[in-house]
Amino acid sequence: MKLGIVVFPGSNCERDVHHVLNDVIGISAQYVWHMEKSIDDYDALILPGGFSYGDRLRAGVIAAQSPILEAIKKKAEEGLPILGICNGFQILVEAGLLPGALIKNVKLKFSCKWLEMEVLNVNTPFTNLFRLHDKISIPIAHGEGRFVIGDDKLHDLYENNQVVFKYKYQNPNGSTEMIAAICNEKGNVMGLMPHPERASEPILSPDQKKSNAGLIFLSLKNFLSSYIKN
Amino acid sequence: MLTRKEETYLQKKLGRKPNLLEIDMIDAEWSEHCSYKSSKKYVRSLPSHGKRVVVGPGYDAGVLEIGDDDVITVHIESHNHPSAVEPYGGAATGVGGVIRDIISMGTRPIALLDALRFSSLNDENKTSKSKWLFKNVVKGIADYGNCIGVPTVAGEVEFDDSFKDYCLVDVAAIGLGKRAQIISNHADEGDQIVLAGNPTGKDGIRGASFASKLLDDEEDRSAVQIPDPFLEKLLIEATVEASKSNCINAIKDLGGGGLSCCLSEMSHLVEKGFEVDLAAVHTKVADMSPNEIMISESQERMVYIINRKKLSRFKEIFNKYGITYSIIGKVHGHDNLNIHFQGKSIANISCDLMVNAPLCYRKSKKPGYLNRTKKGIEMYKVKDYNSILLDLLSNPNIGNKDWVFQQYDHEVGLRTVIKPGANASVIRVNDNKFVSIKLDGNSKHCYLDPYFGTLGCLSEACRNVVCTGAEPIGIIDHLQFGSPENPQIYWTFRKSVEAIIDFCNYMKVPVVGGKVSFYNETMSSPIKPSPVIGTIGLIKDRSHITKCVPTFGDTLFILGKTYEELGGTEYTDSIGYSEYGNVPKVDLEIDRKNNSAVLALIQHGLIDFAHDCSKGGIGAALAELAISGNVGIDIDLEKIPNNCSRHDYLLFSESHSRFIIGSKQPDRVKEILRSKRCIFSEIGEVQTTKILNLHYSRKEIINLPVNDLACSYNTINHIMDGT
């Protein structure tokens with residue numbers, strides 16, 4: 001089992017994801033520079049957070065033009081699990097792999113804090129170890145994380161069970177319907193604004209309680225183990 | 001501008017008249033900002049040796065060894081003048097500058113801290129710039145730090161009207177690396193000199209000279225540089241990669257004084273001469289004169305000295321990241337900086353001459369106001385202590401700073417174990433080694449007594465680090481004052497330096513980095529003396545990490561005695577007695593004893609939390625504890641060791657060397673504190689009813705629900721966002 005962490009100029013959470021996958025979760029993961037054209041070696045891909053191309057123009061819009069995105073789109077089509085975290089989510093949206101848009105937070109400020117989210121779909125490669133309506137303590141850190149989408153497409157999202165996580169108790173950025181994460185129709189591509197890699201080790205959570213956000217990566221591991229066996 | 005005396009000295013040393021380019025170069029390098037000509041004599045005597053010190057102050061960053069070949073690098077810079085005229089760009093480029101100092105040592109930056117100063121936010125005066133400055137400085141730091149992926153983990157904000165129409169923006173950075181990877185900074189004949197990063201432009205021309213005079217009405221925005229955090233991020237990655245590939249012999253970042261100061265200081269550092277061709281420099285616009293190229297302060301530029309054989313590997317790395325670079329010259333000879341342009345030598349100066357500006361011997365005289373300040377305070381009797389406490393909590397100097405910290409990505413890098421807002425922040429080096437850091441300052445105390453005020457900052461910064469379970473291992477200082485040409489201001493500077501020398505010698509903690517910033521004045525007035533002190537502490541065992549959260553069942557103790565020291569406190573200042581009273585003094589022996597007692601308690605696993613008593617005194621400290629744990633606290637004030645004549649003095653005195661600690665093993669705590677002969681007392685307990693109840697014997701003094709405390713404590717949000 002091998003995961004690829006796609007690195008763009010300006011990505012800055014790639015080493016964090018690398019550490020959590022390799023040292024905490026126990027999945028072998030390695031970096032994939034954005035100029036690579038072939039990504040056949042990987043069983044899943046993660047697009048980490050950061051500020052690819054300095055968020056110039058609009059978060060994620062330049063990275064979405066990188067050579068590797070063509071290969072990623074093909075893999076997405078084939079059903080490869082692909083997870084975009086924060087800036088990774090923004091890139092997936094800009095590349096057209098996920099619907100909607102991520103715009104500036106409603107307060108127009110960057111916001112870094114811990115909050116709660118709720119699981120709404122447990123049938124994805126990233127959520128299969130959760131129970132429906134589980135609550136997860138997890139931090140956000142973004143300035144452009146307000147998920148917006150037209151009414152008709154929102155309807156489709158619910159119809160197809162594409163809303164995977166929602167913020168609970170407070171809406172930190174003004175997102176439509178408190179949406180924190182969505183997936184594509186097939187469920188193999190997911191984007192989420194909060195940072196599960198920051199909530200995968202008890203020592204980093206504010207009250208030192210074990211946050212269950214690491215289950216996102218463990219779900220992926222679980223999915224891949226059964227998938228690879230078959 | 002060079003003084004006549006300096007011009008004569010220069011001409012004598014050169015043995016000829018300098019040309020215009022040489023004068024520009026010398027002008028930048030001999031500015032107060034770059035040369036430390038008014039302060040060198042005194043800051044040289046700061047204690048900077050210690051068993052952990054690998055590199056002391058003087059290079060781009062200090063280097064401390066923390067065991068297992070791990071080293072941390074640390075540096076502090078300010079960007080006050082630029083931030084006062086263009087707060088967003090000024091603050092952002094301040095972050096950029098200090099980060100490049102960390103990568104110049106070959107280490108990866110892992111944390112940022114900042115200390116900010118503004119005039120009060122609730123200024124009735126509609127023309128006050130304070131909110132505008134505060135908002136944009138924070139945004140500047142946030143946008144830069146967040147983008148480069150270095151967490152801003154701790155900081156401090158102070159509001160005082162001596163910063164009217166001005167601000168102080170101090171940024172400190174911490175780097176992490178292996179001892180063997182520290183850049184040795186050497187050069188051999190024939191090595192290539194590479195300038196990489198931003199093209200050189202006309203931005204920030206004469207910035208160093210701009211920072212070395214008073215800020216006048218003609219705000220010179222062209223002297224402020226333009227930030228590009230994305231390029232900085234690429235420079236971090238490329239430099240760390242090149243350093244790991246052993247490509248680099250020496251590195252220096254370009255800051256104040258641009259290429260001119262960078263090349264002369266670097267040449268002096270490696271003890272070699274440089275031959276440089278300015279035509280090779282990549283520029284933003286085509287028509288730049290050699291003078292402009294030499295002194296431009298365009299940001300995100302670094303100079304590297306590379307062995308010819310390693311050049312291809314270096315290029316490969318920088319090409320991968322898409323960073324522009326140009327080979328601008330080579331190492332040749334021993335001391336001379338020889339600048340060429342279009343085939344001609346246009347400047348040729350000894351680096352030794354450039355980096356050793358003639359020192360200024362400034363006059364020093366005790367300020368007159370210090371003789372006029374009254375030692376005693378005659379204040380009205382107080383009836384309603386509740387409202388005083390709520391007012392103090394809503395004072396932005398004491399209140400919650402989440403409005404600031406939440407705009408910073410303080411968690412990227414997976415190291416931030418204790419997050420900003422607590423006593424000190426704790427960052428993870430590995431799973432059994434942690435670094436604790438804190439910046440502290442107190443302009444009000446330093447104004448009324450620069451010696452004890454500075455000693456207090458040192459004491460507080462160390463105490464905050466001790467509260468987290470760390471042993472202080474290094475100090476950084478940033479000494480910020482008005483014009484050194486004013487003898488009364490210069491006197492306060494000297495007192496401040498004396499305090500650091502006394503403290504560090506006594507505590508055996510070395511100064512590992514620092515900076516002096518003079519001319520912090522606007523047309524209306526100089527700032528109050530504003531040294532900012534940073535303490536770096538080391539936690540050697542995961543179990544020693546101590547948070548500041550009381551829980552039900554804790555017995556509360558106070559360690560240290562409360563004196564009637566009301567001078568410069570937030571309490572007296574808030575009711576208009578800003579120039580009265582005795583500033584809190586530090587007894588070094590007691591300070592050391594109390595710190596070591598708290599560390600011993602933590603290492604024995606006996607306490608749940610330790611909290612420093614500082615701004616706002618015991619009253620604010622207890623309220624903060626109730627808020628952070630969301631618990632009730634019941635205290636008998638009569639049990640607190642003190643010599644105060646009134647309850648409000650006892651509650652709000654800012655005496656140093658005091659801790660409030662909570663323990664579920666009170667008997668063992670008493671045993672250890674007695675054996676260490678500390679002054680301490682058991683004062684109360686944590687309760688389930690969410691009320692802060694402070695009484696003097698049976699007389700009720702303060703009785704407030706924790707929700708009310710929290711509401712006042714969050715006032716900064718209302719002021720800044722109206723929510």
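Let's start where the two chains meet: 23 residues of chain A are in contact with 21 residues of chain B, and two residues are in contact here if their C-beta atoms, placed from the backbone, lie within 7 Å. Keep in mind that this is a predicted model, in which local features need pLDDT of at least 70 and side-chain atom pairs count only at pLDDT 80 or more, while totals for chains, interfaces and linings use all residues. Residues are numbered from 1 along each chain as its sequence is written, and chains are lettered from A and ligands numbered from 1 in the order in which they are written.

On the chain A side of that meeting place, helix 1 (14–25), strand 6 (111–119) and strand 7 (135–142) each supply at least two residues. Strand 6 of chain A gives the most, with three residues. Helices (H or I, at least four residues) and strands (E, at least two) are DSSP runs, numbered from the N terminus. Sorted by class, the side of chain A that touches chain B has eleven nonpolar, six polar and six charged residues. For that count, Ala, Val, Leu, Ile, Met, Phe, Trp, Tyr, Cys and Pro are nonpolar, Asp, Glu, Lys and Arg are charged, and the others, Gly among them, are polar.

Now take chain A as a whole. You'll find five helices and eleven strands in it. A compact globule of 230 residues would have a radius of gyration near 17 Å, and the 16 Å of chain A agrees with that; the radius is taken over C-alpha atoms, and the globule rule is 2.2 Å times the number of residues to the power 0.38. The C-alpha trace of chain A spans about 40 × 40 × 35 Å along its principal axes. Of its 230 residues, 51% count as buried. Buried means that 20 or more other C-beta atoms lie within 10 Å of a residue's own, exposed means 12 or fewer, and partly exposed is in between, with C-beta atoms placed from the backbone. Among the chain A contacts with a separation of 6 or more, 75% are between residues 24 or more positions apart.

Two strands pair if DSSP finds at least two bridges between them. A:M190 stands opposite A:L83, and A:M190 is also the bridge partner of A:C183. Strands 10 and 11 of chain A form a hairpin with five residues between them, and A:G187 in the turn has a positive phi of about 90°.

For a contrast in setting, look at A:P67 in helix 2 (residues 67–78) of chain A. A:P67 counts as exposed, because it has 11 C-beta neighbours inside 10 Å. Leaving aside neighbours within four places in sequence, A:P67 is in contact with A:M35 and A:K37. A:P67 and A:L57 are ten residues apart in sequence, and their C-alpha atoms are 19 Å apart in space.

Over to chain B, which comes to 26 helices and 26 strands. Its radius of gyration is 26 Å, close to the 27 Å that the globule rule gives for 723 residues, so chain B is as compact as a globular protein of that length. The C-alpha trace of chain B spans about 90 × 55 × 45 Å along its principal axes, and buried residues make up 60% of the chain. The domain assignment, which is automatic or from a database, gives domain 1 (1–30 + 183–357) and domain 2 (546–723) of chain B. Their C-alpha centres lie 51 Å apart.

Finally, chain B has an open, mixed sheet of six strands in the order 1-2-3-6-4-5. Strand 1 (53–55) and strand 5 (152–159) of chain B are the edge strands, each pairing on one side only. Strand 4 (residues 108–118) and strand 6 (residues 168–178) of chain B pair in the antiparallel sense over nine bridges, with B:A115 opposite B:D170.
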